[in-house]
Amino acid sequence: MTVRSRWAQWALVLAFHSTAAAGELPHQTIDRENGLPSSQVHAITQDAEGFLWFAGPAGLVRYEGGRMVRWGRGEGLSTQGLRALAVDSRNRLWIGSDLGVETFENVPSGALVPLPGFENRSRGFVEKILVEPGSNGDRVWFGTSKGLYSLVPDDGLQQLCVAEIGRSMVSDLALAEDGELWAVAPTLGLFHLRGDSCSRFDPEIGVISSVSITGPGDLILGSDSGLYAYDSEAHLVVRALSSGSPVTALLQRGERLWVGLGNRLLELRREDDGWIEHAELATGVKTNQLYLDRQEILWVATDGGGILKFTPFGQAIQRLETPCETQVYSLGRLANGKILVGGDLCSWWMDPSTGAIDLWLSSLDENRVWDILDPGGDRAWAATEQGLYSSSDRRIWKRDSRDLPELENPGRCLLDMRQGEIWVGNVTGLYSLSPDGARELVADGFGLGYVYTLESDPRSGDVWIGTIGNGLWKASGPDRIERVEGTGLHETGNVYTISIGVDRVVLAQDDRLLEIRNGTVTELPQVSREPVAAWSSLFDESGVLWVGGAVGLERYDAEGRMRLTSRVGLAGDEFTTSRSLFDLGESLLAGTSVGLSKIDRAGVAAIQIPSPRARAVEVVWHNVDLEKDASGRFLVRPGRWTLDVVALAPWFLDETALRYQYRMLGFDSQWSEPLAPRDSKIRFTGLPSGEYLLESRVSMDLGPTGPVAELLRITVLPNWWQRPWFWALAALSLASVVWLLGSYRSRQLRQRAAFLEEAVVERTRKLEELSKKLHRQAFRDDLTGLANRWQMESDYERFVSRAQRSGRPFSVVVIDLNRFKTVNDEHGHAVGDRLLRHVSEHLESSCRPTDLVSRWGGDEFVLLLDDTEGVQADEILTRIQAELRQKPLILEEGTVIFASIAFGIVSWSKPSDDLESLFRRADRSVYEMKKQLPQSQR
C-alpha cells in the first residue's frame, strides 16, 4: 500500500466522532468491600484454570469468583509492590515487582521462586511482562526500568536493544502475529524488534505510554497528549483523538478498542477499517491496565478505584435517563409514536429510538401512573393513584370521573375495546366507558372487586381479567364474564400479570408463574431460588417470554431461561406493575423501582452463557496421615479425622448467581442443598471404610446447570477387625454360641420380646397424646384454635430474620372487633364465642400459608403478613372487612350478626423494631379508626 493510499484511508475513517451514547455503561466495582486488599491495582491476568489474578501495592490476589485469596510478604512474596502479571503455557504465573521477577511454578499450590538475574534490583523494577508461546518453550519479555530483557528456554536471560534503549524504562510491549515486538520507552520513543535488528521511531507525539497492534504495520499509540494512529511503514502519524488527556492504557481485540484516557474510559469500534467512538464506559477513573477474559468480560485495573468489571450484558442493556429519581410504573405508546412513561414522582414522553426525554408532564407529577392508553382518537387515558385522568392533547392531563363516582378511586388498568369503548379496572371493579355513558361490568350480578390487570386476546377478542383476591376471569363480551377455573388456579388468589402468546396464556398468581395451554394449568419453574411474585410479563415478537418480578427480569425460551439483574446492567431488580414491560420490536423497555432500561433482545440472546465446572480450590485434612496412589486417589486410615473441601467455579458474569451442590458417592447419593459461594465449604468427619467419590455441580440464574465435576476420590482403609479373616472367625464363633444357647433361650426371648413390644407401643401412644395436648395448650388458643400470644412472640423473630435476608418488609396488623361487648350483652357469651370463632376462621382462610394469624386476647387479633408493605396490607384488610360484611354469622333461630373490625397496620422496616413497639403503634391506629366510628358502632 502506498503512502498516499494509507494517508487517504486513515484520514477518511480514523477521525473520531462521538456517538449518542448517554452516560456510563453499567458496570460492577470490586474494591475493599468485596475483599480486595487495596483500591490500587496495577495488573490483571487469567490462568489456565480460569481464575483471575490481581496485583498491586498490597500484594497478589487470586479471585476465584466466590472469594479472594491474598499473598503478601507473609506468604512468601519478596515485596508487595507488584506491577506486572503474565501466565505462560505451563500455567506458570510470572510476577513483576519493584524488586524483580518471581514465579509460581504450579499455580496456586507451588512455591514462589525468584527468577535468577533479577536479584537485588539488578535489572530495575518490572513494568511489563509478555509471554510469547513457542514450540520449544515460551519466550518471556520483560520491560523494566533499566531496559528490555527476554528469557529464552535455551539461551537464558538476555538484554536487548542495549545501544538503542540502554538503561531507559520500557513501559509497554506489543507482540505481532509474526513475532515482531514493539516496545515503548517513554523518554525515547517507540522501538521495533525484528530478529536481531532493533529500530527506533520517534512519531513526535509527546511522551508515548502505550502501544497496540491493529494490523500489519498499523499501530495505535497513546501518549500524554492523546491517542494516535501510526503507520510504521510510511512513518506516518494521523491524529485519531486529541482530548488533552493522557492515554494510560490500551487494549484491542478484533473490532473493539478500549482506551484509558486520563480520567475517562472509552470503547471504540472499527468501521470501514477505521475507528469511531462507540461508548463512554466510565468517568472519573485512571486506568492502569485493561484485560479481557475468556468470557468476554472487560476488567479494568484502576489507580485508587479498585477494579471495574464490564460484562457483555452492558452492550445489550442500556440505562435510560429519567427527569427525576422515580419508580417506573407504566409504559405505553401514544398516537404520536412517543412512549409515555408513568412514575410515582414524575411522568414524561420519550423518544423510543434514542431514549431522549421529549416532554416532562408536570400535570401528572407525584401521581402514581399505573397504566396508559391512547386509542388514537381525541383523548388519551391514564389510570392513576388518584383516579382516572384524560388528555385531549397528550400534554395536559386532568381528572376525569365521567358518569361513575367509582372512577375517582385509584385506577389500575385500561383496555381499548375499539369502537369508542374503554374498559377501566380499579380497586372497586371493572367499568366500561363509551359514548353512551359509563357502567360497571359484573359477573352473575356481582362486581369483580379489585381489578389489577386486563389483557385482550388478539385472535379471539376475549379479555382476560386479573384481580386481587378474586382470582382470574375471562370476558367474551361486556355481559359475558366467567371465572377461569382449573387445577392450580386459586379463586381467591391475586393475579398480578397476564401475557397472551400464540398458543398459551401465562399469568402470575400470588408467588407462582402459571401457564394455561389447551385448558391445562401448569406451574412454570422460576429462576429465583425462593418463590416471589412476578409483577409484569410479555411475549415478544419472537415468542420469547419475559417476566419481571421482585428479583430481576427472567427470560424464557426454548433453550431454557436466564435472569437479568442490576449486577449485569439492569436499572434495579424489582419491577412494579403489570405495565412495566413494553415491547419496542428489536428491544424492550423495562421499568423498575430504580429507573428505566432498554434491552436489546438480540444482544441478550447472542451472549454465550458457558456452563461452569466446579474445581476444588481448597482441600484440607485434619488429624490424619495421607497417602496417594498413582491415580491421585487419597488413601486414608480410619480414625477421627476431618476433611474440609471448598469448590468454586471461575465464572464471572454474575458470581452471586452461582449455587454449589455436593454429594459423596459411597456415603450419600443425594445432592446437598444449594450453597452460595461464600458458604460453599463442606466437611466430612471419620467416614467408615469404603470407596468414596466427592462430586460437585453448579447451578446458576443465567443459564443451565453445569456438568458434574469430580473433586477427589477417597479410599478409607478398614480396621483390623474389619478384615475378612476376622469376620470369618467371628461368624464361626457366633454361630457356635447361637447353636448352643438357641434351643434353651428361644422361647423365653420370643415371649419377652412380644411383651416388651406391646408395652413400648402402648407407652409411645400415651406419650404422643400427651405431647400433642401439651403443645396445643402451650401455643394454641383454646377457643379459636389460632396461634396464641406466646406463639406469636416466638414466630416474630422468624419473620424478622426472613425480612433481613430478603430485604423485604412485613406488616404487623392489630384487629379489634367492633360492638363485641354489645353482642355478649344481647346474645350471651356463647354467641360471642361463636362470633370469635367465625372471625378467626375467616381471617385464617383469607391469609397466605406464610402469614401468621393469632388471637392476642379477648376480641383482639394480631396478624403478621409476610413480604407485605403498608399499602398492600391495607388492601388485604379492606378486602377482609368487606367480605365479613358479606358473610355474617347466622344463628339457628335466624338471627344475623354482622362482624365489623377496626384495624391498625405498621410495617417492620429496621432491626430495632421490636414486636412491643410495633404493637403499640398499630394499636394506636386501631384506636384512631374506632374514634371515627359512631358510638353505637364501636
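**Strands, salt bridges and a surface patch**

G857 stands opposite E860 in strand β67. This is a predicted model: local features need pLDDT of at least 70, side-chain atom pairs count only at pLDDT 80 or more, and totals for chains, interfaces and linings use all residues. Residues are numbered from 1 along each chain as its sequence is written, and side-chain values use heavy atoms, with hydrogens and water left out.

Start with the strands around that pair. Strand β66 (residues 852-857) runs antiparallel to β67, and five bridges join them. Two strands count as paired if DSSP finds at least two bridges between them. Helices (H or I, at least four residues) and strands (E, at least two) are DSSP runs, numbered from the N terminus. The hairpin of β66 and β67 has two residues between the strands, and there G858 takes a positive phi near 60°. Strand β67 also pairs with β65 (residues 811-817), in the antiparallel sense over six bridges. Here V814 stands opposite V862.

How covered is β67 (residues 860-865)? Six of its six residues are buried. Buried means under 20% relative accessible area, exposed means over 50%, and partly exposed lies in between (1.4 Å probe, protein chains only). In a regular strand the side chains alternate between the two faces of the sheet. In β67, E860, V862 and L864 are buried on one side. F861, L863 and L865 are buried on the other.

Now turn to an open sheet. Four strands form it, in the order β22-β23-β24-β25, with antiparallel pairing. The edge strands are β22 (247-253) and β25 (274-283); each has a single partner, so one side of each is left without a neighbour in the sheet. The twist averages 20° from one strand to the next. For such angles, axes are lines fitted to C-alpha atoms, for helices over the stretch in contact, and angles run from 0 to 180 degrees between N-to-C directions. Within the sheet, six bridges join β23 (residues 256-261) to β24 (residues 264-271). V259 stands opposite L266 in β24.

Next come the charged pairs. A salt bridge is a side-chain nitrogen of Lys or Arg within 4 Å of a carboxyl oxygen of Asp or Glu. The count comes to 48 salt bridges. One of them joins R579 and E455, at 3.0 Å from N to O. R579 lies in the loop between β53 (560-564) and β54 (581-583), and E455 in strand β42 (residues 450-456), so the pair ties together parts that are 124 residues apart in sequence. R579 is buried at 11% relative accessibility. E455 is partly exposed at 23%.

Helix α8 (residues 915-931) holds E916 and R920, four residues apart, about one turn of the helix. Their side chains meet in a salt bridge at 3.2 Å, N to O. E916 is exposed at 55%, while R920 is partly exposed at 42%. E928 and K931 sit three residues apart in α8, about one helical turn. Their closest N and O atoms are 3.9 Å apart. Elsewhere, D47, R62, E64, R67 and E618 are linked in a network of salt bridges.

Last, the surface. V737, W739, L740 and L741 form a nonpolar patch with about 480 Å² of accessible area together. Patches are made of residues with over 30% relative accessible area and no salt bridge; like charges are joined within 9 Å, nonpolar side chains (Val, Leu, Ile, Met, Phe, Trp, Tyr) within 5 Å. Accessible areas come from the Shrake-Rupley method with a 1.4 Å probe; for residues, only the protein chains shown count as cover. V737 lies in helix α3 (residues 724-779) and is partly exposed at 44%.
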